[in-house]
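Reader: Could you take me through this one as a set of questions and answers? I'd like the definitions spelled out as we go.

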Amino acid sequence: MEDIAIVGLDCAFPGAADADAYWDLLMRGGDAIGSVPARRWDPDDFPGVPGAGGFLDDADVFDADFFSVSPREAAAMDPHHRLLLHSAWRALEDSGRAPGDLAGSDTGVFVGMMGGEWGRLTMGTPARATPQLGAGSSNGMAANRISYHFNLTGPSLAVDTACSSSLVAVHLAAGALRAGECDTALAGGVNVLLSPSLGLVYAQMGLAASDGRCKPFSADADGIGRSEGVGLVVLRRLSDAVADGQRIYAVLRGSAVNQDGRSNGVTAPNRWSQQAVVQAAYRRAGITPDQVAFVEAHGTGTVLGDTIECAALGSVHGVPRPSPCALGSVKGNLGHLEGAAGIAALIKTALALHHRVVPASRFADRENPQLQLAARGMRLLKSPLRLPAGETVAAVSSFGMGGTNTHAVLATAPRPAVSRSYAAPAGASVAGAAPRSGETGVFTLSADTPEALRRNLLAQAEDVAGRPPGDAARLCWSSNRIKTGLPYRFAVTARDSAELADALRGAAADDLPATAAPRPWARPVVAFLFTGQGSVHAGMTAPLYRDSPLYRRHLDEVDAALAPHLGASVREVILGGGERVHEPAFAQPALFAVGCALARTLAALGVTPAAVLGHSLGEYAAAVTAGALDLDEAARLVVRRAAVLRDLPHGGGMLAVRAGAEPVAELLAGEPEVRIAALNGPSDTVLSGPREALSRLERALGAHGVDARPLDVTHAFHAPPTAPMAEALREESVQATAPTLPFASTRYGRMLREEPLDGAYWADQAAQPVLFDAALGALVAETFPTHLLEIGPRPQLLPLAGRAGHAAGLEGLHPAPGPEATGRELAETVAALHRAGLDPVWDALYAPGHRAAERLRPYVFCADHHYWDRQSGPAPAPASATRQHPGTPSPEPHPPTRPEHAPGPEKPGLVETGLVEPGPAEPELTEAGPVLAAVVDAVVEVGGHPRERVLREARFYEDLGFDSVMIMQLKSRVESRLPQIGEVSVQQLLPALRSVGTLADFLDDMVMAGAA
Amino acid sequence: MSRDTVYLAATGTALPGDPVDNAALAKLLGASEEWIDLFVGTRTRHFAWDPATGEVLRTLADLCAEAGSRALAAAGLDPADIEFLVLATATPDHLLPTTATEVADRLGMDHLPVYQLQAGCSGAVQALDLGRCLVAGGRRAGLLIGGDVTHRFLAARRSAARMPTEELVNHVLFGDGAGAVVLTAEPDGPGERGVALRGVLNRCAGRRRPPGQFIDWSGISDRDTERRMLAEDYKAIEEHVPAISVEIVWELLGELGWTVDEVDHILPPQLSGRMTARIMEHLPVPSAAEVSCVTETGNTGNALPFLQLDRLLPRLGPGQRALAVTVESSKWIRAGFALERA
């Protein structure tokens, strides 16, 4: 039978808000049983029911906005469903994937829950029925809602086999995975104690523990204590999980389900069927009973139930074995979670296999001697059991009151194979074999609101700070996989975990920190600006080369393309750090290599330009990036250019002037040998000519108060002394094609049109002035970039663009902004673009050894909104009704939705629901007009939203959680509020239903048309 | 279950902050950079405390947890796979709880034996020796950590002018750091060539010998005394350590039946750049490549052999052999071990 991997899990149980807290509770033998919260029912009203049980602290909390559920629908939704939605999101994150990435996949959802109490409580009187309640109260919807909200298209079903429901759900999910019906499955269950009804039933049957506590296998066992909670696991076929590098808690080896059939009464357990289901599961898992190290038993703590279960287990496990099979039941800690009991047991077992310790079973110290455990090859776990290394097999039982039994066999997860850094043969480069420690990664986080982002930043900060200090790269890579996809995006670079924790904590302290950005509505439009020659310096990009394997690869590639033409390695010249890089033979190939390698590095990271521009020599790398020249051809031309230059006499120079062309032109009249080499901006001009003439000009300009600075070049470019270089290029036959990207030409000072990038072009662009200002102006005007990226080893073009006014409103980024720049600046560029809406190829940022999954703390939902409807209270009718006869099949329901006339918060019976939050004073709508006011009123009425959230911009589906049923309700409310428009057809309305504002505008037009 | 051979699955290290070079240190101490270069030969070291202010930035537990975590990650093991932890140090954060138990907690390890060895330069070998016995006794995987911190014994703010030379030497000799090794019963995965621990020498030979190194601690009763908290008998160390090192090599070779030509790598004692070079001159392993770290890390006490192992493992080719030698002068413990990659 194919093994199934448990790759993610999430749970919330009494006294344990998440899986970590659950494990802590188990390891300290904690007791989660407490008294009935006042918001549920008054125990004094039900003397026959134990006044204690296991209750979640916040079973009524729901982050409705996160799931785009309107407050009215949230209040109508069965609390079981709400808990499941939170848990599903967190479980999927725990499996190492962004839940959004599964949208559209065939992921299956299998949810166990029993009864249908919410429906009975809310819909007992047909007059109370609403569409929301109808959808909110069916058990089947519990699974379907997860499928809907996550857009999962695999099997989706609820399972009700009473107390074995959730383990049966896991069994069915594993079967669906093995059958290929889905590639991922969410499975588990949920139970909420909405009323004391079932407690009364247990009491009447003599099954209720007097103290509300299950005491499994104890001499003190006296029955069941009820409890609630939610738990889900994420399952994959083991081979898929391993192939995808997912972390695995434990492996599900096999499971079985059977029935008591016609046993001793429909609710009586059946020893022979229990024995059969255990044997069937072991058979399917391919194991023998002596291999099972421990069994997490059903263990309800009823004397009869314990006796029968131990007899059944004993007849299977009482075989010759090295040590007795350990036995325990989590019901001693949590109580009986009924529909969710099986998943609580499964998660406990998976965690035990993961941690290799089985927690002690509570109440085991007074073992019931009647159970004869020792004689049956078993022992009750009175203290934690440390599991030995190697594979350990464990099993879980769950039995339903109606006789549906299930048993599952789990085993420890296989260890992933790691490629050891030192497995390389002797003599291999040490640096190349292992990922460099201290690699810069980008840690990402996303949330649905700024507030939620802050909340989650804090949670991550706390989590990261609590880990052993070390590299941040694996955490970063994992965050890129898991924590992206929600509207508000956070991204920050980090090398080690301490730095990361500080950055997260710091960001959480700001309102909307610089490292975060609101929902980007589109992908960024990036223009690459390739730097020209003045930026060359010794050792340029060497720290980046050391840090980034990606840049290393691309610079090596470009070096290899240049080498045959150059007869030397330009990479060695660059990284050597010496002044050779300034020699005419090397300076241009070196800059070309850096530009091409940077552009290719960015492309590998998913940063592709929408337009390119190259300043002077930078135009070669721009042409390669735009697909106009292939790398070899460009390499050949650049080397040719440099070779001609090498043979020209030195002597000329260049002067950067902080003034426009016109004031300079006057001075040039007296210096016929000096030319304008570049028009870089309204106050940036470069002159070229003999050094003496330039010195005279520098002094003259200084006298006029104009800054002028000689450039670090060997020749007077774009002037007659270098004309032979241009003419050599003119004779070249150039293999060029039309650029595949918009190409701003600094030769023409505009976007390139049909002109070929032939020898004549490259000759002219060397001989003529560089029209950077005009070219960049055209690029910005015609391609509407959002970001300008300078592609060169030192800032040159971004400052020019800023002074020329071309960068207004645009973000300038520089992945290699100077001699000190390391991998961090490159990572920061990627982080900034991610905040702006880019989804980079994250893998490319990390060495393979750092692409390893780490579990991150799952999403922390908003806990501000409670949707709870107390079933008793001062309102007389419900209380008296439930008090009438214990076990009344259908207690008087308490309407969970707000009555037509909104009650104030002081109204008894409704406690702190999202519906009765007092809104602020009426917003200023008079200015906006009566139609908008009418729309807002109608929305508030239908959706139950706080009035201040119904803004003009609020979108019906995404922000307000409207669905088709609510649209129909909205239509009738609007019609009754705006009688002058008469009846509006749905067809008419639909196009206008984007946002509150668009609907109001549409209706406004109708009112105007009617009045005309 | 008893096993003859144990394997070194992976290493991890933690060296806090940026390296502090001799120029920076000389400036802080008001000492001569040339003197450090010439007489100590150590070029850089790391401190887990701010040499300018004395503020402690990272505890020993921080460093040991980092090194341990890196070793686990490199071995591809989860904390739950580790069945024992041994931590060797001369400078624990507290007397109780032990730094070893705090590190176990930080690494997410629970319900396992945790040992702390109070040791100096031989601590790593003692840990290997104990780990070897535990694996031979049936455990499958253990984590060994060694580390030391200097903040209690060095105060860079004090001026060198007022410091006796032997005290000044301490300030330039030592550094902070931690290293770790994962020890396993099995070689790595199929197809992997495991690094086997072939032999361990761990012997205290200090009977009737005065200590060569002395580190003290104080409490309520004696915190006001003026005695020195860290002292070394450099004369005795210079005289005896090279000779003892040679004996250790011969002893390991004799026990294993290896010849001097069969040693491909040698991990000599790491007292200081200068001392290590002197010892190397005496060691009878002409063909062995030296694997040292002290010139870059300073003397990090219990971390040293782990830092050397971290450098050795990537270089140790199939069929190659390595010897490690260390002498703890506190009570003249002679220690060493031998490795071989299958």
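**Around one residue**

Reader: Which residues does B:Ile145 touch, leaving aside those up to four places away in sequence?

Author: Touching is a contact here, so the C-beta atoms, placed from the backbone, have to lie within 7 Å of each other. Not counting residues up to four places away in sequence, B:Ile145 touches B:Cys64, B:Ala67, B:Gly68, B:Leu87, B:Val103, B:Ala178 and B:Ala180.

Reader: What sort of model is this, and what pLDDT do local features need?

Author: Residues are numbered from 1 along each chain as its sequence is written, while chains are lettered from A and ligands numbered from 1 in the order in which they are written. The model is predicted: totals for chains, interfaces and linings use all residues, side-chain atom pairs count only at pLDDT 80 or more, and local features need pLDDT of at least 70.

Reader: Is B:Ile145 buried or exposed?

Author: B:Ile145 sits in strand E6 of chain B. The cut-offs are 20 or more other C-beta atoms within 10 Å for buried, 12 or fewer for exposed and anything in between for partly exposed, with C-beta atoms placed from the backbone. With 35 other C-beta atoms within 10 Å, B:Ile145 is buried.

**Chain B as a whole**

Reader: What radius of gyration does chain B have?

Author: The C-alpha trace spans about 60 × 45 × 40 Å along its principal axes, and 54% of the 342 residues of chain B count as buried. The radius of gyration is taken over C-alpha atoms, and the globule rule is 2.2 Å times the number of residues to the power 0.38. For 342 residues a compact globule would come out near 20 Å, and chain B agrees with that at 19 Å.

Reader: How far apart are the C-alpha centres of the two domains of chain B?

Author: Domain bounds come from an automatic or database domain assignment. For chain B it gives domain 1 (6-184) and domain 2 (195-341). Their C-alpha centres lie apart by 15 Å.

Reader: Which element gives the largest share of the side of domain 1 of chain B that touches domain 2?

Author: In that contact, 45 residues of domain 1 of chain B meet 42 residues of domain 2 of chain B. Elements giving two or more residues to the domain 1 side include strand E1 (6-14), helix H2 (33-40), helix H5 (123-136) and strand E6 (141-148) of chain B. The largest share, 7 residues, comes from H5(B).

**The sheets of chain A**

Reader: Which strands stand at the edges of the 11-strand sheet in chain A?

Author: Two strands pair if DSSP finds at least two bridges between them. The open sheet is mixed and runs in the order E5-E4-E6-E7-E1-E8-E15-E14-E9-E10-E12 (chain A). One side of each edge strand is left without a neighbour in the sheet, so each has a single partner strand: these are E5 (156-159) and E12 (378-380) of chain A.

Reader: What angle does helix H10 of chain A make with E8(A)?

Author: E8 (residues 250-259) and E15 (residues 404-412) of chain A pair in the antiparallel sense over 9 bridges, and the partner of A:Gln259 in E15(A) is A:Thr404. H10 (residues 271-285) of chain A packs on the sheet, touching E8, E14 (393-399) and E15 of chain A. Axes are lines fitted to C-alpha atoms, for helices over the stretch in contact, and angles run from 0 to 180 degrees between N-to-C directions. The direction of H10 against that of E8(A) makes about 145°.

Reader: And in the sheet of 4 strands in chain A, which residue is the bridge partner of A:Ala656?

Author: That open sheet is antiparallel, in the order E22-E23-E21-E24 (chain A). Strand E21 (residues 652-657) of chain A is joined to E24(A) by 3 bridges. In E24(A), the bridge partner of A:Ala656 is A:Arg709.

**Domains of chain A**

Reader: Which helix gives the most to the side of domain 1 of chain A that touches domain 5?

Author: The centres of domain 1 and domain 5 of chain A, taken over C-alpha atoms, are separated by 44 Å. Their contact takes 8 residues from domain 1 of chain A and 11 from domain 5 of chain A. With 4 residues, the helix that gives the most to the domain 1 side is chain A's H2 (residues 71-76).

Key
Two residues are in contact if their C-beta atoms, placed from the backbone, lie within 7 Å.
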